[in-house]
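Good morning, and thank you for coming. Please keep the sequence and the model in view while I take you through a few places in the chain.

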Amino acid sequence: MATRYWISVTAILLVGQAIQPSYGGPSITVMADRPGPKISPTMWGLFFEDINFGADGGLYAELVKNRGFEFPEPLMGWVKLSPSLAQGQVSIREDDPFDPANPHYVRIESAGTAPLGLCNQGFRGIGVRAGRTYDLSAWVRIVNGSPSVIAQLVSEDGVTLARATLQVAGPGWTKCKAVLQPTETDPKARLYVLIEGKGIVDLDMISLFPRDTWKGRPGGLRADLVQMLADLRPGFLRFPGGCIVEGSDLSKRYQWKNTIGPVEKRQCLINRWNYEFLHRPTPDYYQSFGLGFFEFFQLCEDIGAEPLPILNCGMACQFNSGELVPLDQLDPYIQDALDLIEFANGPVTSTWGQKRAQMGHPEPFNLKMLGIGNEQWGPQYIERYERFAKAIKARYPQIQLVAAAGPDPDGQRFDYLWPQLRRLKADIVDEHYYRPPAWFLDNTDRYDKYDRNGPKVFAGEYAAQSIQTVSPRNRNNWLCALAEAAMMTGFERNADVVVMASYAPLFAHEDAWQWRPNLIWFDNLNVYGTPNYYVQKLFSTNRGDVVVPVELDGVPLATNGRPRLYASASLDQKAKELIVKVVNATGNGLAVSMKITGISQPRSPANIITMAADPEDENSVANPTKVSPVNSTFQISGPEFTYAFKPYSLTILRIGQGS
Ligand code: AHR
């Protein structure tokens with residue numbers, strides 16, 4: 001014991017911090033003999049929204065922007081290539097397209113022999129890796145002559161990295177394919193589509209995918225990004241947003257039925273994050289819906305997450321137009337919800353179950369939860385929620401409904417909504433908090449006071465904001481992540497109330513973001529997890545099955561009298577381990593007296609996972625794991641011991657029963 005204490009003090013001195021003086025020293029008692037409520041397997045999950053190029057330009061692996069020429073400016077993302085020796089023109093046409101759902105196409109008319117065509121810029125460039133295979137496809141119609149149709153990947157500085165000729169099988173529109181294998185890696189390559197020789201060629205749906213998508217699915221998702229999600233072992237995936245569900249007006253709302261079936265038929269829609277922020281306009285941001293509801297369900301299945309779709313409830317974003325569907329015209333919206341449940345769960349003989357089967361998934365997706373509206377508020381929401389709930393529960397009583405608690409964790413809107421939702425016996429209420437780190441540190445006991453018999457809580461969107469909400473200067477630094485970790489100990493301690501939680505937003509493209517902070521950052525070739533990501537990962541992969549009470553004494557206090565040492569504990573029944581999570585949000589190393597009741601002889605050594613860093617530290621493409629977990633072990637000789645928690649640290653102790 002004495003030796004171990006000495007080691008602890010040495011460790012504290014090594015990190016150059018003094019022990020908190022004078023108050024007798026903090027202690028944590030963990031009552032492993034008093035297992036409490038179950039922790040929901042859905043506790044730690046994901047919130048996905050197509051913001052920051054999260055879907056198009058991100059998770060959806062398509063490398064060509066505006067592949068169907070259906071943006072309002074049909075050549076957005078494309079540049080005409082008409083070198084001085086070329087003769088002819090490139091134009092957009094609408095007559096006799098390959099599919100009426102995709103009316104615009106490009107015509108290249110060459111009267112000379114020099115190459116003529118156009119170039120796609122991708123999503124802030126096209127990321128390609130040397131030697132990898134990229135599958136190009138396009139709908140092509142040779143109108144006149146017999147020119148060659150060429151595809152090339154060209155580096156940022158103009159060098160051809162790969163070239164292929166498209167074999168056009170016959171007259172009329174034909175889908176052609178070619179394979180491109182670049183000789184060099186380039187994060188910002190471009191795709192050239194050219195014709196060589198005199199003639200006229202029509203082209204549409206010019207598409208390029210890496211062969212190595214997630215699970216090798218043609219037209220699928222970016223494998224490295226999905227892997228990051230899978231590694232979190234998420235309990236659920238909430239999709240497709242976010243404000244994107246609502247639309248700035250109702251014409252721009254997310255309509256799931258427009259996102260299934262053949263991709264060529266999915267009609268592109270402006271992304272609300274295209275124009276939301278004056279300070280981050282993104283005029284080339286549109287939704288192709290290549291990642292649509294079928295793919296979301298499939299992704300959930302792949303990564304073992306319960307699907308949680310959120311549907312528009314007849315209200316556009318109340319920060320924008322706040323447009324409302326009159327109550328007597330709400331039926332089609334409610335029908336969309338009923339049809340979605342059938343799409344996910346219905347037999348293949350049902351109308352919507354058949355559509356799922358036609359897309360390749362005859363088995364049901366086992367949808368259990370559905371969100372009604374995103375961040376709505378006011379009586380307008382309550383009267384719409386009530387109608388949705390009545391219709392859905394009448395037909396599908398087992399579906400758990402998630403209701404909105406507005407955009408803030410407190411205030412007038414929030415205070416109005418909760419009693420209403422309690423009255424309506426909502427299953428789960430979705431709370432959002434984008435607040436400074438100090439708010440998180442001060443509110444870890446938020447759910448200690450919640451009614452145990454009311455609706456459950458879904459902390460559906462939260463993230464500590466280092467500056468303030470929507471500031472482009474917010475950072476994903478360690479202080480923010482640590483504050484979230486402290487809050488998450490509060491979620492875990494209250495697992496009988498909080499059944500789900502997800503950080504927001506999930507993804508951001510380094511060159512095309514609108515909002516920060518975000519959980520995962522990527523560029524066209526790389527991806528990295530923020531410190532916040534690793535906090536989520538540690539909580540999720542060390543969840544445990546039941547809560548164990550903890551008692552903290554003598555903890556350091558901030559000047560406002562709020563604690564700055566936090567803990568929660570759970571039991572992993574399969575591994576037969578006690579999991580203790582401790583957050584030290586002070587700049588001092590803390591020697592804490594630990595006492596465990598119910599485990600007389602802890603197995604030694606215990607496994608320890610620590611994240612500790614300076615508050616301002618961040619990860620980056622260049623240094624992706626600067627702030628990340630470190631594994632170690634710790635000798636334990638009995639149920640009482642002292643542990644030295646590093647300054648600004650999250651520590652997880654996994655303690656087994658000794659043999
Ligand atoms: O996460 C970004 C946005 O924040 C979401 O779209 C919205 O629900 C919230 O206001």
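Phe 53 sits in the loop between β2 (46–47) and β3 (78–81); helices (H or I, at least four residues) and strands (E, at least two) are DSSP runs, numbered from the N terminus. The phi of Phe 53 is near 65°, a positive value in a residue other than glycine. Phe 53 counts as buried, at 1% relative accessibility. Buried means under 20% relative accessible area, exposed over 50%, and partly exposed in between, with a 1.4 Å probe and protein chains only.

A word on the source: this is a predicted model, in which local features need pLDDT of at least 70 and side-chain atom pairs count only at pLDDT 80 or more, while totals for chains, interfaces and linings use all residues. Residues are numbered from 1 along each chain as its sequence is written, and side-chain values use heavy atoms, with hydrogens and water left out.

Asn 366 also has a positive phi, of about 60°, although it is not a glycine. Asn 366 belongs to the loop between α6 (351–358) and β18 (369–372), and is partly exposed, with a relative accessible area of 47%. As background, most residues other than glycine have a negative phi, and most peptide bonds are trans.

Two peptide bonds deserve attention here. The bond from Gly 241 to Gly 242 is cis, with omega near 15°, and Gly 242 is placed in the loop between β14 (236–239) and α3 (243–246). The bond from Ala 504 to Pro 505 is cis too, with omega near -15°; Pro 505 is in the loop between β22 (498–503) and β23 (507–509).

Which residues are around the ligand? They are Phe 47, Glu 49, Gly 242, Cys 243, Trp 273, Asn 374, Glu 375, Tyr 434, Glu 461, Pro 505 and Trp 515, each with a heavy atom within 4 Å of the ligand. This shell divides into 6 nonpolar, 2 polar and 3 charged residues. In that grouping, Ala, Val, Leu, Ile, Met, Phe, Trp, Tyr, Cys and Pro count as nonpolar, Asp, Glu, Lys and Arg as charged, and the others, Gly among them, as polar.

Next, the polar contacts, meaning pairs of N or O atoms within 3.5 Å; within protein, one must be able to donate a hydrogen and the other to accept it, and residues adjacent in sequence count only if both atoms are side-chain atoms. A polar backbone atom of Cys 243 is 2.8 Å from an oxygen atom of the ligand.

Finally, consider Asn 102, in the loop between β4 (88–93) and β5 (105–110). Is Asn 102 buried or exposed? Asn 102 is buried, with a relative accessible area of 4%. A polar atom of the Asn 102 side chain lies 3.3 Å from the backbone oxygen of Glu 264. Beyond four places in sequence, Asn 102 touches Gly 68, Glu 70, Pro 97, Asp 204, Met 205 and Glu 264, where contact means heavy atoms within 4.5 Å.
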